[in-house]
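Welcome! Take a moment to look over the model below, and then we can walk through a few of its features together.

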Amino acid sequence: MDHFLYRDGLLHAEDVPLDDIAATVGTPAYVYSHATLLRHFTLFDEALAGMPHLVCYSVKASSNLALLSILAEAGAGMDVVSEGEYRRARAAGVPGERIVFSGVGKTRPEMRTALEGGIRQFNLESEPEMRALSEVAVSLGVEAPVTIRVNPDVDARTHAKISTGKSENKFGIPIARAREVYAEAAKLPGLRVVGIDVHIGSQLTELEPFETAYRKVAELTAALRADGHAIDRLDLGGGLGIPYERSNSAPPLPVEYGEVVKRTVGQLGCEIQIEPGRLIAGNAGILLSRVVYVKQGEGRDFLILDAAMNDLIRPAMYDAWHDIVPVAEPAAGAETRPYDVVGPICESGDTFAKGRPMSPLREGDLVAFRSAGAYGAVMSSEYNSRLLAPEVLVRRDHFAVIRPRPSFDDMLARDRVPEWI
Ligand SMILES: *Cc1c(COP(=O)(O)O)cnc(C)c1O
């Protein structure tokens, strides 16, 4: 459920018609709904009610400071994977004790920043990383709270590029070696083991892989406790998927996911931590774009938009589906025709959809890519020297630009031409 609905013949973000935003801000532009973002955070928070828990929003899904501030205000923790994300979380008002540091390649300077600024835990992914953190913590005279990310070798049954819990993936340490690695962690100075971490992938549309992974985590908890480790916290990762194609998919709800958590690890007396990103931000954002041309091709029409793969790379990178809807509501029962929906970039991969049935569109019409709030703006680039799309936040009947579109001067001014050329 989201707050992008037709009203009086126009698609709205909450109470704001999207053509108003297009007229003020231009296109392409990302538009987020305050209410939808908050609602999806709350769904997770409620799904874990009854267990001590913290929902740590995965900052990489969508990291604008305004969005982070909404979640911070609501009491969210944050899961960060770089110093930049750590700094964003702090700037949004999240205290260090609610920030979890994940990622396979945390550098020593990143570790130092987090230890000095305050951190809830580091989710460690390898032995070399564990030794590095031990050194950094000792050099600062502090203790770093850690979990070790275990790789449970579970098939998340999602796209290969966002599957992270199989033994061939680069993430975590094999669960079979966990006891050995925890034993080393316990011996290293400057580290304090606080729990276990697991994250098996993104855009999961079934609960069973979570259930399998979490059962393995429950077994491991017992084994590690028997070895004398204090396992008080289980970080179960993120990954719950969203319905990108509304007409034919309905992934499990957060409340159903919460049931799996309760069933598998709820009896262990651990604090539960989760790291959802996509489900919190995904349906809270759309990408607003305008039709530049309608081009007649061989046996198909191309809808050429002013948004491109540099703005939204998911279709090119993951073969992802986004519902693309006209901002002007089509008449009920209106005929549709198939379009190839493309951007202006000089690559055939700059294709958002092929043969997509849509009501007839004309030059200048506005369209919205639904479910573009996660892994959208954060993955955008200036490829083809296109300016980064601005971000806009809507709350009820008002909106604000939360990241302006840069100017061409801004873009050119970043480059330096050495005088010896
Ligand atoms: C990407 C990521 C998440 C969030 O995944 P979603 O599918 O967006 O919920 C959580 N934890 C880690 C470690 C990640 O890398």
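Is serine 385 buried, partly exposed or exposed? Serine 385 counts as partly exposed, because its relative accessibility is 48%; buried means under 20% relative accessible area, exposed over 50%, and partly exposed in between, with a 1.4 Å probe and protein chains only.

Before going on, please note that this is a predicted model, in which local features need pLDDT of at least 70, side-chain atom pairs count only at pLDDT 80 or more, and totals for chains, interfaces and linings use all residues. Residues are numbered from 1 along each chain as its sequence is written, and side-chain values use heavy atoms, leaving out hydrogens and water.

Serine 385 sits in the loop between E19 and E20, and asparagine 384 is found in the loop between strand E19 (366-369) and strand E20 (391-395). Helices (H or I, at least four residues) and strands (E, at least two) are DSSP runs, numbered from the N terminus. Phi is positive in both residues, neither of them a glycine: about 70 degrees for asparagine 384 and near 50 degrees for serine 385. Asparagine 384 is partly exposed, with a relative accessible area of 33%.

Another loop, between helix H1 (18-25) and strand E4 (29-33), holds proline 28. A cis peptide bond joins threonine 27 to proline 28, with omega about -5 degrees.

Now for the ligand. Lys60, Ser202, Glu275, Arg278 and Tyr375 come nearest among the 15 residues around the ligand, where near means a heavy atom within 4 Å. The table lists some polar contacts, pairs of N or O atoms within 3.5 Å.

| Residue | Atom of the residue | Ligand atom | Distance |
|---|---|---|---|
| aspartate 79 | polar side-chain atom | nitrogen | 3.4 Å |
| glycine 239 | backbone N or O | oxygen | 2.8 Å |
| glutamate 275 | side-chain N or O | nitrogen | 2.5 Å |

The protein covers 94% of the 390 Å² of accessible area that the ligand has on its own; such areas come from the Shrake-Rupley method with a 1.4 Å probe.

How many disulfides does a search of the whole structure find? The search finds zero, a disulfide being a pair of cysteine sulfur atoms within 2.5 Å. For cysteine 56, the nearest cysteine sulfur is that of cysteine 270, 15 Å away. Cysteine 56 counts as buried because its relative accessibility is 0%, and cysteine 270 is buried at 4%.

Finally, glutamate 129 lies in helix H6 (residues 127-140). Glutamate 129 counts as buried at 5% relative accessibility.

Technical notes: A polar contact is a pair of N or O atoms within 3.5 Å; within protein, one must be able to donate a hydrogen and the other to accept it, and residues adjacent in sequence count only if both atoms are side-chain atoms.
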